[in-house]
Amino acid sequence: MFKKILIANRGEIACRIIRTAQRMGIVTVAVHSDADADALHVRLADESVRIGPAASAESYLKIDAIIEACRRSGADAVHPGYGFLSEKAGFAEALAAAGITFIGPLPAAIAAMGDKIESKKLAHEAGVSTVPGHLGIIADAEAAVGIARDIGYPVMIKASAGGGGKGMRIARDDGETREGFRAAQSEARSSFADDRIFLEKYIEEPRHIEIQVLGDAHGTVIHLGERECSIQRRHQKVVEEAPSPFLDAATREAMGAQAVALAKAVNYRSAGTVEFIADRNRNFYFLEMNTRLQVEHPVTECVTGLDLVELMIRVAAGEKLTLRQADVRLDGWAVETRIYAEDPVRGFLPSTGRLIRYREPAGQGVRVDSGVFEGAEIAIYYDPMIAKLVTSAKTRDAAIDLMRTALDEFVIRGVAHNIPFLAAVLATPRFRSGALSTNFIAEEFPAGFTGSQLAEDAVAPATAVAAAVRRILGEREASISGQLPGHGAVVGTDWVVCHGSERHAVKIIPAGDGYEVTLATGSHCVTLDWQPGDLACRARVDGRAMVFQIDRDGSGFRLIHGGVTVALQVVPPHVAALLDLMPVKAPPDLSRFLLSPMPGLLVALAVTEGQEVRQGEALATIEAMKMENVLRAERDGTVAAIRAKIGDSLAVDATILEFAVAEPA
Ligand code: MV4
């Protein structure tokens, strides 16, 4: 077994690998960029080595720097995690040349699966079901039209070197084929310096189902069942689960057998994933093989009880797999959500900043894989994923319920995050029913995500809990002031819950170990596990367990439940009467300014002073978290002044430009 493993990665996956290696008694070495000097993976590892500046291209992607770090630390093996160098055959080769073990497949297997045309040919030869299509080189757009007609519309045009949806087009007629071929080819040429294009039948409303495989260096390959990852947004997975609610035992077995056949055909020795798409009729087709540990591997670990990182390390060290296919049992259900630092109501723009509050949920069936801690900084340099939240239970319904509660408990302040969106996805009847497809998000949120309302059956509980919280605060204040002479300890029973201009009269009286709360719509029995200062409140309302986050906000509260934030004030009736007399302050009009929606670098300005712009026209480009974000005009107008210059490092809400005041018509 290895004595020392270097983890050529950062964030949650580096932490997750370090924990398993340490449990196995292996010394761990973290590598880090300047931006990560104080990161969690560096704190967890036994040793750490600086490998370069913040930019990935100068640190986590630098093969030489990582090999040098192995030399300096004396590591005998490297785990690459996912992303970065994990699927670069050249990295595996360079390590081998330096006498260091790559904890992953052989370079030839990585290379064979890195090319879509080659991997599809290999899969076909191995007896794997592939999408009907054409794998020859297509000379030009006219040749593409001929091939598309042979296949039958609709077709999909794909770049052999493609990935993440780049160089991919759907065509439903000859015109779209001509146009799509040219677009895909030029995109492939500029993105991958490889313009080989192939065509296949377009599978409508597909589901993304992938098989986890595991091979050793002695010719054994097994599979660990499937994961379904159909809930994606622009090729970014959002929710994954195992098993798939779509597969029956026969389809699972057929898919598993084909995945194993493909892995055997490339002499696969590590953990890997064979991706398929499935159509409505459970026909399934090979898409690609990922020759790395995947982000969503924990759902497989939860239903199999296995540690995939441990197995990867053991097979890389030459151990034989003792686990046989018949030993692999799938037990229960696991769901994973990816918590990203991005603002779902601002078009999922990445958000950066300090995690001023960060508390992970915990408990039976709840697993959190993260690489951050309270006080940590979410920087612009890397992927904006904060954590993976995984829940598992006996049934799919129970795992979903546990996920919704865990999301309610997850406290993140200081950066925008997608928990409101995740909660909304999990709350849809369609997700619950399991009728998934890769179009799920586009179909369920056709206007993007605009935020949610508190569920109808949570309105009365939220009101009752707010009243009970106010009552507890009142009791606390009364017990303090009661110790001063002349201050009696009196807490009222009548309150008004103010929500915007709504007023809800509430009567609250202690009853048993909680309160009886009477609203206009009925009485509720409320018990709380909450004290002043707690961020989350576990409540029982008429016997129903519910979690609310509670932020004090001046004299009021913000209650968070189901991904929805509700601002409330709970005041005595005479104060409510006074509130009604106060003029409402109008918020300042910021619509005349283009503000930076996130901290980032201003890399382009598409307009000049005095220019007239139309709604939707590009104004400026901000680079943050490796992504370029184009800011567009929300309506027609004239640029009056430009307040920033290219190269400026902008804070959130920094003014980029100012529009002229519209002249009265
Ligand atoms: C497809 C397809 C439908 N038909 N191929 C997307 C990423 C790339 N790996 C392959 N992809 C697709 N290929 C045919 N013939 C639909 C997709 C697809 C998709 C696949 C898996 C997960 C999410 C997806 C989202 C959009 C499209």
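1. Pro243 lies in the loop between β12 (236–242) and α9 (249–265), where helices (H or I, at least four residues) and strands (E, at least two) are DSSP runs numbered from the N terminus. The peptide bond that joins Ala242 and Pro243 is cis, with omega about -5°. A cis bond also leads from Tyr153 to Pro154, with omega near -5°, and Pro154 is placed in the loop between α7 (141–151) and β7 (155–163).

2. This is a predicted model, in which local features need pLDDT of at least 70 and side-chain atom pairs count only at pLDDT 80 or more, while totals for chains, interfaces and linings use all residues. Residues are numbered from 1 along each chain as its sequence is written, and side-chain values use heavy atoms, with hydrogens and water left out.

3. The chain is divided into six parts, among them domain 2 (104–131 + 207–331) and domain 4 (332–447), with bounds that come from an automatic or database domain assignment. The centres of domain 2 and domain 4, taken over C-alpha atoms, are 24 Å apart. Their contact (heavy atoms within 4.5 Å) takes 27 residues from domain 2 and 31 residues from domain 4.

4. Between them, domain 2 and domain 4 bury about 2,400 Å², 58% of it on carbon and sulfur atoms; buried area here is the accessible area (1.4 Å probe) that two parts lose on being put together, summed over both. Five salt bridges are counted between the two domains, each being a side-chain nitrogen of Lys or Arg within 4 Å of a carboxyl oxygen of Asp or Glu. Arg338 forms a salt bridge with Glu240, and the closest N and O atoms of this pair are 2.7 Å apart. On the side of domain 2 that touches domain 4, the largest share, seven residues, comes from β12.

5. Arg282, in the loop between β13 (271–278) and β14 (284–290), has a positive phi near 65°, and Asp653, in the loop between β38 (649–650) and β39 (655–659), has a positive phi of about 70°. Arg282 is partly exposed because its relative accessible area is 34%, and Asp653 is partly exposed at 43%; the class lies between buried (under 20% relative accessible area) and exposed (over 50%), with a 1.4 Å probe and protein chains only.

6. Ile17, in helix α1 (residues 11–23), counts as buried because its relative accessibility is 0%. Apart from neighbours within four places in sequence, Ile17 is in contact with Ile7, His79, Gly81 and Val309.
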